[in-house]
Amino acid sequence: MKFTYLGQCGFLIESQGTRIVTDPYLTDYVDRNFFTGETPWRRRYPAPAALIDLKPDGVLISHSHGDHLDPWTIGKYIEAGGEATLIAPAPECGLLEDLGVKRILRARADEPFPVGSATVTPIPCAHTELHRDPAGDYHELSYLIDLDGLTVFFGGDMSLYEGLAERLAAEKPDVVLLPANGRDDERTRRGIIGNINEIEAAHLSASLNAEYIPMHWDLYDINGCGEEDILRAARNAGARIHLLHPMECFEV
């Protein structure tokens, strides 16, 4: 299985002819639409690829924030003739319909579905709390991906909540893709919703005895985490870390 880092929470996951892309944010949508003096969003590097060139069989979207469900990335993909199924939490799929996406899968917690030869199981995600719509469906999801004898946990933007660590321990993931940028009072005041930090991510991956790939750490200075801080936390926790830069790969 091969993981290629696309920046923020974006990965291309490849195995046995199946190609899955997670949270593709491949434009400067946030910079162009949400830059203010208080929140100066500036990408530190340009988008390393176009979604159409990644040739995904399925695209997993964790939630509706613009750096995860990016209307410009998806719009360009549809305009270029992309035909992959786009998967998003059921309450957010209206956004995909508005973009002209025809192949949509409305994901609900604990309802598995196939993507190529993979089986994907959504699980509830807290960003930073668990949010449900009136029908009881979660607005944010993480995904367990079972493919070619391996299990991958893609966290998306996430915080720890009661029962999550135990659920993951029972699933025995081989690889975990975890945000490491954390949260603090100042970012919360500015409307920047946080994630687990580099210490929490390292300890979670170590407790699961899983290969650990950090994400959501390097794209924006105002909502990132230092590389040395991530590596130090991993060393202290005994985590098997594989820190990637854009378009770098890890194989397992």
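Buried here means under 20% relative accessible area, exposed over 50%, and partly exposed in between, with a 1.4 Å probe and protein chains only. The model is predicted: local features need pLDDT of at least 70, side-chain atom pairs count only at pLDDT 80 or more, and totals for chains, interfaces and linings use all residues. Residues are numbered from 1 along each chain as its sequence is written, and side-chain values use heavy atoms, with hydrogens and water left out.

**View 1. Strand S9 and its two partners.**
Strand S9 spans residues 141-147 and is mostly covered. Six of its seven residues are buried. Strands and helices are DSSP runs, numbered from the N terminus (strands: E, at least two residues; helices: H or I, at least four). Two strands pair if DSSP finds at least two bridges between them. Strand S8 (residues 118-124) pairs with S9 in the antiparallel sense, over six bridges. Pro124 stands opposite Leu141 of S9. Strand S10 (residues 150-154) also pairs with S9 in the antiparallel sense, over five bridges. Leu144 has Phe153 in S10 as its bridge partner, and Leu147 stands opposite Leu150 of S10. The hairpin of S9 and S10 has two residues between the strands. Asp148, in that hairpin, takes a positive phi near 55 degrees.

Contact means heavy atoms within 4.5 Å.

**View 2. Helix H7 and its buried face.**
Helix H7 covers residues 198-208. Its buried residues are Glu198, Ala201, Ala202, Leu204, Ser205 and Leu208. Seen down the axis of H7, they fall within an arc of 165 degrees, so they line one face of the helix. The arc is that of the directions from the helix axis to the C-beta atoms. These buried residues pack against helix H5 (164-171), strand S11 (175-179), strand S12 (211-215) and helix H8 (227-237). At the start of H7, a side-chain oxygen of Asn197 comes to within 3.0 Å of the backbone nitrogen of Ile199. After H7 comes Asn209, with a positive phi near 55 degrees.

**View 3. Aromatic pairs.**
Rings of Phe, Tyr and Trp (its six-membered ring) pair if their centres lie within 6.5 Å; planes under 30 degrees apart count as stacked, over 60 as edge-to-face and the rest as tilted. By this rule there are five aromatic pairs. Phe3 and Phe250 are stacked, at 6.4 Å centre to centre with 25 degrees between the planes. Phe3 lies in strand S1 (residues 2-7) and Phe250 in strand S14 (residues 249-251), so the pair links distant parts of the chain, 247 residues apart. Both Phe3 and Phe250 are buried. Tyr29 and Trp72 form an edge-to-face pair: 5.2 Å centre to centre, 80 degrees between the planes. Tyr29 is in helix H1 (residues 29-34) and Trp72 in helix H3 (residues 71-79), so the pair ties together parts 43 residues apart in sequence. Tyr29 is buried, with a relative accessible area of 16%. Trp72 is partly exposed, at 34%. Ring pairs link Tyr29, Phe34 and Trp72 into a cluster.

**View 4. Two side-chain polar contacts.**
A polar contact is a pair of N or O atoms within 3.5 Å; within protein, one must be able to donate a hydrogen and the other to accept it, and residues adjacent in sequence count only if both atoms are side-chain atoms. Thr18 lies in strand S3 (residues 18-22). Thr18 is buried, with a relative accessible area of 4%. A polar contact of 2.8 Å joins its side chain to that of Ser117. Leaving aside neighbours within four places in sequence, Thr18 also has contacts that include Ile13, Asp57 and Leu147. Glu14 is placed in strand S2 (residues 10-15). The side chain of Glu14 makes a polar contact of 2.6 Å with the side chain of Arg19.
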